[in-house]
Amino acid sequence: MSGEHGDGRLRGEFIEQMVGKKNYQILKEIKHSWDPHNIFNPNKIVDTPSMNTMLRYAPGQKTPEFKTVFRFYDQDILQHAEQCNGSGDCRKTQLSGGTMCPSFMATRNERDTTRARANILREFLTNSDKLNRFDHEEIKDVMDLCISCKGCKSECPSNVDMAKLKAEFLQHYYDANGVPLRAKLIANFNNSAKLGAMLPGMYNFMMTNKGISKMVKKFSGFAEERSMPTMHKTTLRKWFEKRERQKVKGIRSKAEAKGKMTDDRWIMAPAPSTVSHQPSTKKVYLFCDEFTNYNDTEIGIKAILLLEKLGYEVEIPKHEESGRAWLSKGLLRDAKKIAQKNIEMLSPIVNENTPLIGIEPSAILTFRDEYIDLADDDQLQLAKELSSNVYMIDEFITKETAKGNISKELFTKEKRLVKLHGHCQQKAWGALSASEHALSLPENYKVETIPSGCCGMAGSFGYEKEHYDISMQIGELVLLPTVRKQAEDVIIAAPGTSCRHQIKDGTERKAKHPVEILYEALV
């Protein structure tokens, strides 16, 4: 009658037959003694109605077909939401470890669990009388604090991908209600960054001047307390193209020759000149994501110089932005166009011998995740083949080290302690160990992973005025207190650009990308 799981509403009516009338009466007395008003899980074990009185679907009930932007393999969006079996693993606290579910860890409110989000989506997609069954404010309210960390994709026993469900919901909700201005601004990050990069000094002044920045934040709906990202003096792509032209002309700047950097060119080689580049035997393509290109240019430059030092020829191919900002705001049709263009542009050149490497986890992992679900049927196989040769730079370095292509002898013997915070989507793909192994290349670097979940920033989430407080609450669960406790000489590592920004705002400590740490550890 009853097996591994509890009896509950499904089998409760048969408990009396199983334990006998006398024992069943004792159960009822115990229940009444401890719960005289019958408020705790009523009618689950005793006085349970017949199992066919609480069915999710009525006999003969039909549900419509859902036309979605994302591909849901061998199921539709409702069936994916139905994967939630209610086990409640998403109700764990930060003490349990893992990422799922950051907002619940902070609020301890059932409505902020993955389970609640799956349940409300399932309810309205099943029973709504609207033509667009996504057009319900109630769904939007419950989805609001889902920060699309993708922790549930790997940690939920049923692998419910709530980030995917939320993005699909938002697209259809916007179809009925229009796209908010702030969502448009965030999604168009790449286009606005292009404008800012034309006059980076002026842009940075506006973002850092207290008065002007306050007005910009108020207009955009961003939190006044949050610092805004700034532009580098040049973009990574411009730096790379200028450097390549100089190579063709056979020109090496004095700054590069002396191991120094110039202000706008950033042609540098600060590692001691006694270490020459390893012979370039392999070529890699570097994905110039929009965040590294405009904001984290220095990290991109160091990544290129590191790869060259390790013996790899680096090329930045022509491609579109990653589409991560569009995905994060649920503008899937725009993200789909970007994905299709990138698949078309990169599939002919990326393969096992010339892989595609990315610096920002949330950008490069779109190739392994959303692109496959967004690709049209005629592009699906290309998308899958492309994804199999796409790596975070940490993964690539770890893989090449295991093959014997990268030696520890290239790195310092100095003893250092590195505290690592992994990116949520990196952890969802089981790629955190790659950062741990890569950072251990300097043989006396001790790498300790901070047992943190999400940092709380989650892309644009932590910038939004109504989400700032919860963003900081999430950060304060584990990550920020841990960073504050570290001595000044401890290196804080974080592959994600949002994570580094949260650490800076929350602790005034600078966190470094693993490639920065490795580049600076070269001898």
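1. Start with Leu121: leaving out residues up to four places away in sequence, Leu121 touches Ala81, Phe134, Ile139, Met143 and Leu165. Contact here means heavy atoms within 4.5 Å. Keep in mind that this is a predicted model, where local features need pLDDT of at least 70 and side-chain atom pairs count only at pLDDT 80 or more, while totals for chains, interfaces and linings use all residues. Residues are numbered from 1 along each chain as its sequence is written, and side-chain values use heavy atoms, with hydrogens and water left out.

2. Leu121 is also among the residues with the most contacts inside the largest nonpolar core, which has 62 residues. Such a core is a set of buried Ala, Val, Leu, Ile, Met, Phe, Trp, Tyr and Cys residues joined through side-chain atoms within 4.5 Å; buried means under 20% relative accessible area with a 1.4 Å probe, protein chains only. Helix α9 (residues 162-177) gives the most to this core, seven residues. Apart from that core lies another of 41 residues, including Ile359 and Ile491.

3. Now look at Gln426, in helix α24 (residues 424-428). Gln426 counts as buried because its relative accessibility is 0%. Beyond its neighbours within four places in sequence, Gln426 is in contact with several residues, among them Pro361, Met392 and Pro495. Helices are DSSP runs of H or I, at least four residues; strands are runs of E, at least two; both are numbered from the N terminus.

4. Finally, three strands make an open parallel sheet, ordered β6-β5-β7. Strands pair if DSSP finds at least two bridges between them. β6 (445-449) and β7 (491-493) are the edge strands. β5 (residues 416-420) pairs with β7 over three bridges, and Leu420 stands opposite Ala493 in β7.

Definitions and conventions
Buried < 20%, exposed > 50% of the residue type's maximum accessible area, 1.4 Å probe, protein only.
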